Structure formats: C-alpha cells, structure tokens
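Hi everyone, thanks for coming along. I'd like to walk you through one structure today, so please have a look at the screen.

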Amino acid sequence: MTSSDWRTYAAIAAIALAIGIVNALSGAQDAAWRGDSYDIGRRLFWEMSSIIVILALVPILTLSLRRMRRATRLAARVGIAAAALLGFSALHIAGMVGLRKFMLWLAGSAYDFHFSLASVLYEFRKDAVTALLIGGLRSG
C-alpha cells in the first residue's frame with residue numbers, strides 16, 4: 001500500500017468508527033425509549049465486530065478498484081464490481097459471524113446469526129452501500 005492508500009484507509013477507519021459509535025448510541029437510545037435496556041456495551045460489540053471485518057476487507061476492495069480501472073470493457077468492469085461486491089459481502093458476513101461467535105464463546109456465551117435468506121439480504125444491502133461508499137472514497 002502506498003502512503004496515499006494508508007491515508008485513505010485511515011479516513012475510512014475513522015469514518016467507520018464514528019458511524020459505528022453513532023449507530024450504537026442511537027440503537028441504545030431507541031431501545032431505552034421503547035422501554036428496553038440501554039446496554040451500550042452490547043450495541044458497541046455488534047457495531048465494532050462488523051467494522052473490524054470491514055476494515056480487514058478494505059484492501060480487497062482497493063485491489064478490485066484497481067483492476068476495474070485497468071479493464072477496458074464495460075462488461076469486464078461490471079463483472080469485477082459484481083464479484084467484488086458479492087465477495088465483500090460474503091466475507092463480511094462470514095467474518096462478522098465468526099468473530100462474534102468466537103468472542104462470545106470466550107465470554108462463555110453464544111451467538112446465533114439466524115442464517116436465512118432474509119438475514120443474508122439484510123446484511124447484503126448494508127454491505128452494498130458500504131462497498132459503494134468505500135469505493136467512492138477510494139476513487140476520489
């Protein structure tokens with residue numbers, strides 16, 4: 001990675017952490033307003049476990065963008081983008097679930113992703129926006 005890559009990666013990490021913290025605080029407040037537990041620690045755990053995996057996958061998106069830039073045909077670019085998005089989402093879901101299972105196992109608890117088409121689509125649509133935002137930042 002170049003120094004420019006590291007600066008961009010640092011910006012992505014800072015933005016991701018800020019979004020994760022805001023999401024956790026908002027989720028905890030929403031829960032409290034519904035009469036549920038505020039439990040910020042649990043909500044930060046969900047957000048940060050996802051963000052850690054996303055940040056680990058940024059280099060894959062970077063490589064995909066570089067490959068797309070070298071492709072001359074639109075079909076090749078679309079194919080690379082689709083493969084990158086599907087791969088990013090699959091690796092994010094698997095990594096996030098694995099990390100949560102492992103961390104909760106260490107804590108003497110368990111995690112169930114409730115694997116279903118609905119769960120995968122729920123995560124995929126968020127991953128698609130994440131990949132597009134990272135790609136847009138990497139392109140700029």
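Let's begin in the largest nonpolar core, which has 13 residues. The members that touch the most others are Ile 12, Leu 55, Val 58, Leu 61, Phe 88 and Ile 134. Before I go further, please keep in mind that this is a predicted model. Which elements give two or more residues to this core? They are α1, covering residues 3-33, α2, covering 40-70, and α4, covering 117-139. The largest share comes from α2, with seven residues. If you are wondering about the general background, nonpolar side chains tend to be buried together in soluble globular proteins.

Now pick out Val 58 on your screen. Which residues is Val 58 in contact with, once we leave aside its neighbours within four places in sequence? The answer is Tyr 9, Ile 12 and Ile 134.

Next, let's see how the helices are arranged. Take α1 and α2 to start with. Their axes come within 9 Å and cross at roughly 150°. An angle over 145 degrees counts as roughly antiparallel, and α1 and α2 are therefore roughly antiparallel to each other. The crossing of α1 past α2 is right-handed. What kinds of residues make up the contact of α1 with α2? Sorted by class, there are 17 nonpolar, three polar and four charged residues.

Now turn to α2 and helix α3, which spans residues 74-106. Here the axes come within 9 Å and cross at roughly 155°. That angle makes α2 roughly antiparallel to α3. The way α2 passes α3 is a right-handed crossing. In the contact of α2 with α3, we find 18 nonpolar, five polar and four charged residues.

While we are in helix α3, have a look at Ser 89, which sits there. Is Ser 89 buried or exposed? Its relative accessible area is 3%, so Ser 89 is buried. Not counting residues up to four places away in sequence, Ser 89 touches Phe 124 and Asp 127.

Let's move on to helix α4, where you will find Leu 121. Leu 121 has 43% relative accessibility, so this residue counts as partly exposed. How far apart are Leu 121 and Ile 51 in space? From C-alpha to C-alpha the distance is 18 Å, and in sequence the two are 70 residues apart.

To finish, here are two loop residues with a backbone angle to look at. Asp 39 lies in the loop between α1 and α2. The phi of Asp 39 is near 35°, a positive value in a residue other than glycine. With 32% relative accessibility, Asp 39 counts as partly exposed.

The other one is His 114, in the loop between α3 and α4. Phi of His 114 is near 60°, again a positive value in a residue other than glycine. How does His 114 come out for exposure? The relative accessible area of His 114 is 55%, so this residue is exposed.

That's my tour, and I'm happy to go back to any part of it.

Conventions:
Residues numbered from 1 in each chain as written. Predicted model: local features only at pLDDT ≥ 70, side-chain atom pairs only at ≥ 80, totals over all residues. Heavy atoms only, no water. Core = buried A, V, L, I, M, F, W, Y, C linked by side-chain atoms within 4.5 Å. Buried < 20%, exposed > 50% of the residue type's maximum accessible area, 1.4 Å probe, protein only. Helix = DSSP H or I, 4+ residues; strand = E, 2+ residues; numbered from the N terminus. Contact = heavy atoms within 4.5 Å. Axes fitted to C-alpha atoms, helices over the stretch in contact; angles between N-to-C directions. Parallel < 35°, antiparallel > 145°, perpendicular 65-115°, else oblique. Left-handed = near helix turned anticlockwise from the far one by under 90°. Nonpolar A, V, L, I, M, F, W, Y, C, P; charged D, E, K, R; others polar.
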